[in-house]
Amino acid sequence: RCKNVSLSFWNSYWMLPSDVCGKNCFWEAAFRYNYMKTHPSEKMHLAVVACGERLEETVTMLRSAIIFSIKPLQFHIFAEDQLHESFKNILDGFTSEEKVNYTLYPITFPTESAAEWKKLFKPCASQRLFLPLILKNVDSLLYVDTDVLFLRPVDDIWSFLGKFNSTQIAAMAPEHEEPRIGWYNRFARHPYYGVTGINSGVMLMNMTRIRRKYFKNDMTPVRLQWGEILMPLLKKYKLNITWGDQDLLNIMFFHNPESLYVFPCQWNYRPDHCIYGSNCKEAEEEGIFILHGNRGVYHDDKQPTFRAVYEAIKNYSFGDDLVHSLLQPLELELQKTTHTYCGRVYKVFIKQLTESVRDLYARRSKGR
């Protein structure tokens with residue numbers, strides 16, 4: 001793959017990708033385009049849960065998913081009732097993009113325990129735990145938090161499903177790369193996966209396998225299925241968990257480590273990967289693939305590097321020239337953030353995005 005494609009190469013709008021980084025890059029992108037056309041598959045299913053003031057953030061995430069993805073997308077949007085009309089008005093405009101469909105759902109929890117699940121961690125956050133039980137006809141699903149941004153096609157993380165071995169049912173990234181700043185290994189009062197735990201903000205699921213699996217646990221010698229294990233886990237650990245449903249997932253995969261596929265940190269890049277010094281080597285080498293602006297960093301001045309990427313994607317209009325309307329203004333904004341720790345490595349925020357734009361132009365050129 002071509003690395004370190006300087007934005008200065010893009011100054012001419014009509015410059016083809018082959019002019020940018022040589023024939024190899026162009027033919028790689030063309031091969032990928034042909035492969036996708038000759039290997040059709042069902043839609044990629046993406047789910048998100050939105051409550052409170054998360055409308056704009058969710059729409060920006062969906063926008064980022066649409067820009068670069070190749071295969072069709074089916075969005076499953078779980079939202080409070082008062083947000084449905086706003087979502088519909090916005091998303092009906094998005095679906096002029098041929099590859100997009102969406103379904104809106106109410107927030108629902110098991111009737112007998114709805115109050116407990118609603119107050120766990122943040123409002124509606126634990127809804128994700130019930131997706132395998134609600135979306136019974138969906139085989140595989142990518143769940144993301146509202147504060148996630150895709151900087152490369154959803155197709156690429158979706159392809160991890162094909163890398164699962166026979167025991168793996170889900171994929172997530174570690175909570176931390178550096179144990180010295182890890183939360184779980186320093187503070188958790190419950191079991192957690194691996195050395196530093198896992199982050200559930202980006203969670204790829206083979207839901208057919210999840211529904212079929214019987215899980216080992218520390219409550220009974222009998223293995224329990226997904227729908228049977230959630231409430232007993234909450235009852236046992238509710239006084240010991242801090243991060244709600246993410247903690248419950250850590251407990252489950254602690255007891256069933258063979259069921260988890262772990263992908264690298266560049267697929268779930270958070271402020272912790274740069275505010276204490278750069279500690280995601282994969283992102284340093286290849287750029288950030290999925291940006292996760294947790295702790296509200298898209299909306300305050302604490303991490304201007306994250307906010308700059310969010311604002312650039314939020315303000316981009318479909319059909320505009322990605323180079324002049326997205327990449328070039330973003331690079332100028334990122335260069336203003338070098339006084340911060342994350343800003344010092346700002347090039348990792350634009351490296352993959354630049355390559356994604358180049359690949360998109362290659363696909364469009366090949367499709368003419």
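This passage covers the nonpolar cores and the disulfides of the structure. The model is predicted, so local features need pLDDT of at least 70 and side-chain atom pairs count only at pLDDT 80 or more, while totals for chains, interfaces and linings use all residues. Residues are numbered from 1 along each chain as its sequence is written, and side-chain values use heavy atoms, with hydrogens and water left out.

Start with the packing. A nonpolar core here is a set of buried Ala, Val, Leu, Ile, Met, Phe, Trp, Tyr and Cys residues joined through side-chain atoms within 4.5 Å; buried means under 20% relative accessible area, exposed over 50% and partly exposed in between (1.4 Å probe, protein chains only). The largest such core holds 43 residues, and W117, L131, L141, M205, L230, L248 and F253 have the most contacts inside it. Among the elements that each supply at least two of its residues are strand 1 (44-50), helix 4 (114-118), strand 7 (198-206) and helix 10 (245-255). Helices (H or I, at least four residues) and strands (E, at least two) are DSSP runs, numbered from the N terminus. Helix 9 gives the most to this core, seven residues in total. Apart from this core lies another one of 39 residues, with F75, F94, W158 and L204 among them.

Now for the cysteines. Searching the whole structure turns up three disulfides, each defined as a pair of cysteine sulfur atoms within 2.5 Å. C51 and C124 make one of them, with an S to S distance of 1.9 Å. Their link is left-handed, at -95° about the S-S bond. It spans distant parts of the chain, 73 residues apart: C51 sits in the loop between strand 1 and helix 2 (55-68), and C124 in the loop between helix 4 and helix 5 (131-134). Both cysteines, C51 and C124, are buried.

C265 is joined to C280, sulfur to sulfur 2.0 Å. This disulfide is right-handed because the torsion about its S-S bond is about 100°. Both C265 and C280 lie in the loop between strand 10 (260-262) and helix 11 (281-286), so the pair ties together parts 15 residues apart in sequence.

C274 and C342 are also linked, with S to S at 2.0 Å. A torsion of about 85° about the S-S bond makes this disulfide right-handed. C274 is in the loop between strand 10 and helix 11 and C342 in helix 14 (residues 341-344), so parts 68 residues apart in sequence are tied together. C274 and C342 are both buried.
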